[in-house]
Amino acid sequence: MGLDRRHMLAAGAATLAAPALLGAMSARAQVAQAGRQAPGFYRMKVGDYEVTVVNDGINRRPNPGEGFVRNADKAAVEAALARDFLPTGHLDITFNITFINTGRELVLFDTGTGGLLAQTAGTMWDNMQAAGIAPAQVTKIVFTHFHGDHVSGLVSREGQARFPNAELIVPETEWTFWMGDRAPQQPAAMVKGRFGPYPAERIRRVASDAEVAPGIRGIPTHGHTPGHTSYAVQSGNGTLIVLGDVTNHPTVNLRQPGWHIVFDMDAAAAEQTRRRLFDRAAADRTPIIGYHWPFPATGYVRKDGEGFDWVPIHWTSQV
């Protein structure tokens, strides 16, 4: 079938347009990708208190089936990861730090990695700024324990104090252990270096069950470290548990509370603590913030056979 003049003109116009179209497509292909995540902070209310969870990045642990869980073999660990649609070749362990604004003071729980540990961590400073939180605004820093990913944000790379106006509240048992002669030498030196720039009069040692601020009381959760302490928060009818490291990633030793993580200093005590605390939290339906849970790390636990399941709190744009 022959082409009439109209079809030939249309074909010619399409041929002429082709280079321009290809050029536009080429230009579109050259648009730079952002290469970074949106600011990582999330807010919620607990009674009259405003809670802000700030993400401090991740640490990617290779081969989590090998050595991460002391009392489970590789096949069992990898099966647990696969069950939750996670890769088996690595495990991303998240760091989340919690701020509570009571209306009178700003309380921070732990201080993250401070950018001094894994290259994929240390986002807390940018995320604090995005959340409108300045270190000088913090009035109290309450510690769950003294592992490096919880105390390193106390100082800058140059070893200067980051929080000029904060009182540091530490569990007495945790302080005594790390400042004494029973702690491993190298991590103990790290701990002393993090607290060293702060005047002694600004460091308050308390019992693990003490009230550290109105409506904020310690829960002894020893095992992960000798003085590990979680915190119960209550304001009006609202409640919350700031967990610390009672569990690591929920796929690992929340679903499997009997699994002993390599970082637990007294694994048997840590397991007993886990079971006791999560039995209580599940029965009371208490919201929890998990330091190593996937951001924004807020949710509930419920009984699931011999273990526990994590039920994330639904994200909402409302505070």
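Helix 8 is followed by R285, a residue with a positive phi, near 55°. The model is predicted.

**Length of helix 8**
- Helix 8 runs over residues 267-284, which makes 18 residues.
- At 1.5 Å a residue, helix 8 should span 26 Å.
- Its end C-alpha atoms are 26 Å apart, so the two values agree.

- The buried residues of helix 8 are A267, A270, T273, R274, L277, F278, A281 and A282.
- They lie on the same side of helix 8, because they cover an arc of only 145° around the axis.
- An α-helix has 3.6 residues a turn, so residues three or four places apart point the same way.
- Exposed residues Q272, A283 and D284 sit on the face turned away from the buried side.

**What covers the buried side**
- Strands are part of the cover over the buried residues, including strand 9 (216-220), strand 11 (238-242) and strand 12 (288-289).
- Strand 13 (298-304) and strand 14 (307-312) also belong to this cover.
- Helix 7 (250-253) is another part of it.

**Nonpolar cores**
- The largest nonpolar core has 35 residues.
- Those with the most contacts inside this core are F109, I216, V233, L243, F278, I288 and V301.
- Helix 8 gives the most to this core, with four residues.
- Another core, of 34 residues, lies apart from it; V54, V138, F163 and A183 are among its members.

**Around L243**
- Beyond its neighbours within four places in sequence, L243 is in contact with L277 and F278, among others.
- Its other contacts include H228, S230, I288, I289, G290 and W293.

Definitions and conventions: Residues numbered from 1 in each chain as written. Predicted model: local features only at pLDDT ≥ 70, side-chain atom pairs only at ≥ 80, totals over all residues. Heavy atoms only, no water. Helix = DSSP H or I, 4+ residues; strand = E, 2+ residues; numbered from the N terminus. Expected span 1.5 Å × (residues − 1). Buried < 20%, exposed > 50% of the residue type's maximum accessible area, 1.4 Å probe, protein only. Arc of directions from axis to C-beta. Contact = heavy atoms within 4.5 Å. Core = buried A, V, L, I, M, F, W, Y, C linked by side-chain atoms within 4.5 Å.
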